[in-house]
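Hi everyone, thanks for coming. Let me put the structure on the screen, and then we can walk through it together.

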Amino acid sequence: VKTLLLVAGGRGGSDFFRSLFDGHSQVLTFPGYLSINKDFQEMLNLNFPDQISKRFISLYPNFFNSKAYWGRFERHHRLGEKRNKFFKVNKKKFIKSFLKLTNKKKISKIDIVKNLHIAYSIAKGDKKCEKKILFIHTHLVSWTKEFVKTVNPKDTSIIHIIRHPLASINSPIRAWLTFQNGDSFFPKELHFQLDLVFNGIFDLMKLKKVYIMQYEKLHWENEYVMRKFCKIFKIKYEKCLKSSTQLGLKWWGDKASKKWISGLNKNFKINIDKYYFFNRDLEFFQFLMSRIIKYYNYDFMFPRRKIYFNFLPMKCELLVWKNSFKHLKLKQIFSIPIFYLIRIFLFNKFTIQNKKLPYSIGSRKRMVK
């Protein structure tokens, strides 16, 4: 079984991409991401199978009842055509199946993770079939680093899903400043989003072989791209790869999108909301990301000016600073000058990495060696 780790770009549709494999007969996957934190690491170090399976249930209750708190952000409690369904998975069957699979006293951590997936597959009633891919949504670059360090999986590749770099900056800023009145988006979070766009690909390339999945292509050229994916990873192309579901129920996207949209959209458009940026900000970002834009065949959306540094505060920064004062977050207010200086010194033309870029699945042009 080959392990694939799925890592999100800025609002890049990683949950959507994973949902396409929900019903695939040869793929093992959970209906959500794994938080690779201290609790997850402690779970892997437990001595007895029943302890591991029970701890897993306590860490990820939304996998077993989608009405659980963490499932609500992803709207897993509003599934189905009429958005009135949810799913449950038998916990006792899961514990029993994991115990049966983990009959050795000592097994590797990757085998523990694999057996958790198999037990979950059995508990939710999947038909018996040869599984070829362990598809794990590690979501964050930092969690992916911890997973590789902790679990040390051998036959592993990383799928990094991206979108147009300017959209990858615009979309999370717009989403998180408006979601729940912006109560979780401050200078540190803005830095995280910028760092993900500028350095995410290169950080992941230090860990394992990386493949790029372009979010736009999933909508515009779904069948072609997914057939290429199946060919690369030697699995069957199945009809489910055209449908976005969670345990067989139609999925409508998360709360942050503020929309009820399910499935493929061949009319998907790349939009930039200029409310969050000055023109010079967008031209600056575009210049810094020009190599990625060109390599992955995206359009240049603004005049192509060479702006090596942007010393003035950007509009998105001003909005985030205003948001920090609005919520009276003293720690975040004091962090404003720190992250402003970090942005100036770390995100400019002279700090942008020029390493070779990974292959985009479904690309019409050859990989650069």
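Which residue in E3 does Val-27 stand opposite? Val-27 faces Ile-133. Before going on, a word on the source: this is a predicted model, where local features need pLDDT of at least 70, side-chain atom pairs count only at pLDDT 80 or more, and totals for chains, interfaces and linings use all residues. Residues are numbered from 1 along each chain as its sequence is written, and side-chain values use heavy atoms, leaving out hydrogens and water.

Now the sheet. It is open, with 5 strands in the order E2-E3-E1-E4-E5 and parallel pairing. Strands here are DSSP runs of at least two residues (E), helices of at least four (H or I), numbered from the N terminus, and two strands pair if DSSP finds at least two bridges between them. Strand E2 (27-28) and strand E5 (209-214) are at the edges with a single partner strand each, so one side of each has no neighbour in the sheet. For E2 and strand E3 (residues 133-139), the parallel pairing runs over 2 bridges.

Next, the second largest cavity. A cavity is a set of points on a 1 Å grid over the protein atoms alone where a 1.4 Å probe fits but cannot get out, and lining residues have an atom within 4 Å of a point. Its lining includes Pro-187, His-191, Trp-321 and Arg-343. Helix H9, helix H14 (315-326) and helix H15 (330-346) each give two or more residues to that lining.

As for the largest cavity, Ile-162, Arg-163, Ser-168, Leu-196 and Val-197 lie nearest its centre, among 13 lining residues. Strand E4 (156-162), helix H8 (165-178) and helix H9 (187-205) each supply at least two residues of the lining there.

Notes: 1 Å grid on protein atoms, 1.4 Å probe; cavity = no way out; pocket = protein on both sides within 12 Å on 5 of 7 lines; lining within 4 Å.
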